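Hi,

Here is the structure I promised to pass on. Have a look, and then read my notes below.

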Amino acid sequence: MTQPILYIVVPCYNEEAVLPITGPMFLEKLRELTESGQIREESRVLFVNDGSKDGTWDEILRLRQSDEHAQGLKLSRNQGHQNALLAGLMTAKDYADVTISVDCDGQDDLNAMDAMLKEYQDGAEVVYGVRASRETDTVFKRTSAQGLYKLLRLFGAEVVYNHADYRLMSKKALEGLAQFKEVNLFLRGLIPLVGFKSSSVYYDRKARLAGETHYPLSKMLHLALDGITSLSVRPLKMITSLGLLVSLISLIAVVVVVIIKLFGYTVQGWTSLLCVIFLLGGVQIFCLGIIGEYIGKIYAESKARPRYIIEKNTLEEKPENTENSQNP
């Protein structure tokens, strides 16, 4: 297999503090891979500005001015991490043979890219970057993250355990991903549905180099809910099963009450009656909330709004200081 053109896709949202640190790191890694003969000189690092409110885009432009291998993609507004990542991947698809997506915070081990490219050379179309352990996490972070993956699997979402969005995808895999048109994106569960040969590379994740995390517990829970409702109908089936179970218990309770009444026992039970009413009311509201999530997803899909709008793409710009050829 010949040397591929690699595009490293880096979604950025309010990363003004960390980008001056990690940007040169990405470019240095690209340079190492090029000099070692693993990728071609035409390879690039594509930074995707997801409607940042700080100076992230200015930092991207500064990186581009200092190194032609740095390129930028500016979205018209904030579309969320998954849409920004998709915008970068779909743009890179037209220029690259293979892409590696990585977060901007510098926590992912860039040296794992060597192993990813080796797996690609061996025939893998998708290579997942998987955390080897979570020893550096706090107890709360480790417990909540592991619970998130288990919850996703429980409700039928196909995800790779301890894998986020650090992955290699070939042009073939990207073309397959492009055929998925849904608006509600959860790439961690969507990419396994593309198929093709895949493998995993394990690495140790480091602490964030600067700035603050954009994935607190609330966003993690929201991401999990999006993943479950976008990729699986198992919660609806569970609601049906729960409804049948509650109906069966209610039927048994009616029979018991009738028997007690026939034998002349008095039933006081206003406390137990209120408890049953509260319980059933809570279950019904919860079930309606789950159904509402699915209806909301259907509503968003039916409108078919664009998942992202690109305001500026430096890949399409001509190099600066170019002179037009003079007529003879």
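How many helices and strands are there in the chain? There are 10 helices and eight strands, counted as DSSP runs numbered from the N terminus (H or I, at least four residues, for helices; E, at least two, for strands).

Before you dig in: this is a predicted model, where local features need pLDDT of at least 70, side-chain atom pairs count only at pLDDT 80 or more, and totals for chains, interfaces and linings use all residues. Residues are numbered from 1 along each chain as its sequence is written, and side-chain values use heavy atoms, with hydrogens and water left out.

Of the 328 residues, 42% are buried (under 20% relative accessible area, 1.4 Å probe, protein chains only). The largest nonpolar core holds 33 residues, and V10 and F47 have the most contacts inside it. A core here is a set of buried Ala, Val, Leu, Ile, Met, Phe, Trp, Tyr and Cys residues joined through side-chain atoms within 4.5 Å. Among the elements giving two or more residues to this core are β1 (6-12), α1 (19-35), β2 (44-49) and α2 (56-66). A second, separate core has 29 residues, including V9, L75, L89 and A96.

F47 is worth a click: V10, C12, F26, I60 and L63 are among the residues that F47 touches (contact means heavy atoms within 4.5 Å).

On the α1 side, L19, P20, G23, P24 and L27 make the contact, and on the α2 side T56, E59, I60 and L63 do.

Cheers

Terms used:
Buried means under 20% relative accessible area, exposed over 50%, partly exposed in between (1.4 Å probe, protein chains only). Lists of a residue's contacts leave out its neighbours within four places in sequence.
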